[in-house]
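Look at the model below.

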Protein chains: 2
Amino acid sequence: MAKKRGRADIRERFGFAVKARREELGLTQEDLAAAARIHRTYLSDVERGTRNLSLVNVERLAAALDLSLAALFGRVDAGADGA
Amino acid sequence: MAKKRGRADIRERFGFAVKARREELGLTQEDLAAAARIHRTYLSDVERGTRNLSLVNVERLAAALDLSLAALFGRVDAGADGA
């Protein structure tokens, strides 16, 4: 289980997945932040991979992105070895 | 999106999924805590659903449970409307 080699930090992979899904849905950061009941600047930090979110905020974001937790983390897993 | 009705808190669902998987693998809390590099009492709190874990600790636990993030959260989703 080589956990670090060639793999982006989970915060970065999570942020990338959130941003990609947000753009798929045609939402602005303002839209998504409001739907998830988080602050816009917090969401901006999440997307840049600088926030170590907790379960409760992860669940809010998944719901606002209309994804199950498994679907959201499937995207995070898929980004494991890529950009 | 009725997020609360009839659904356990994500902390509880996550803890239940972790405990169930740990027991499937025949691991003690001590075994799993060591593998995930977290404290045994912290793991105990996680399993009782009283910890709002962050992404970094979620990833450590998933790896120690030999599950992808998607597989772990698939179990969390599956517990969404149940016990």
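Which residues form one aromatic cluster? Phe14(A), Phe73(A), Phe14(B) and Phe73(B) do.

This is a predicted model, where local features need pLDDT of at least 70, side-chain atom pairs count only at pLDDT 80 or more, and totals for chains, interfaces and linings use all residues. Residues are numbered from 1 along each chain as written, chains are lettered from A and ligands numbered from 1 in written order, and side-chain values use heavy atoms, without hydrogens and water.

**The ring pairs**

Over all chains, the structure holds three aromatic pairs. Rings of Phe, Tyr and Trp (its six-membered ring) pair if their centres lie within 6.5 Å; planes under 30 degrees apart count as stacked, over 60 as edge-to-face and the rest as tilted. Two of the pairs are listed here.

| Pair | Centre to centre | Angle between planes | Type |
|---|---|---|---|
| Phe14(A) and Phe73(A) | 5.7 Å | 40 degrees | tilted |
| Phe73(A) and Phe73(B) | 4.1 Å | 5 degrees | stacked |

Phe14(A) sits in helix 1 (residues 10-24) of chain A and Phe73(A) in helix 5 (residues 69-78) of chain A, so their pair ties together parts 59 residues apart in sequence. Helices are DSSP runs (H or I, at least four residues), numbered from the N terminus.

Phe73(B) lies in helix 5 (residues 69-78) of chain B, so its pair with Phe73(A) joins two chains. Phe14(A) and Phe73(A) are both buried, meaning under 20% relative accessible area (1.4 Å probe, protein chains only). For Phe73(B), the relative accessible area is 0%.

**The two copies**

Terms used:
Buried < 20%, exposed > 50% of the residue type's maximum accessible area, 1.4 Å probe, protein only.
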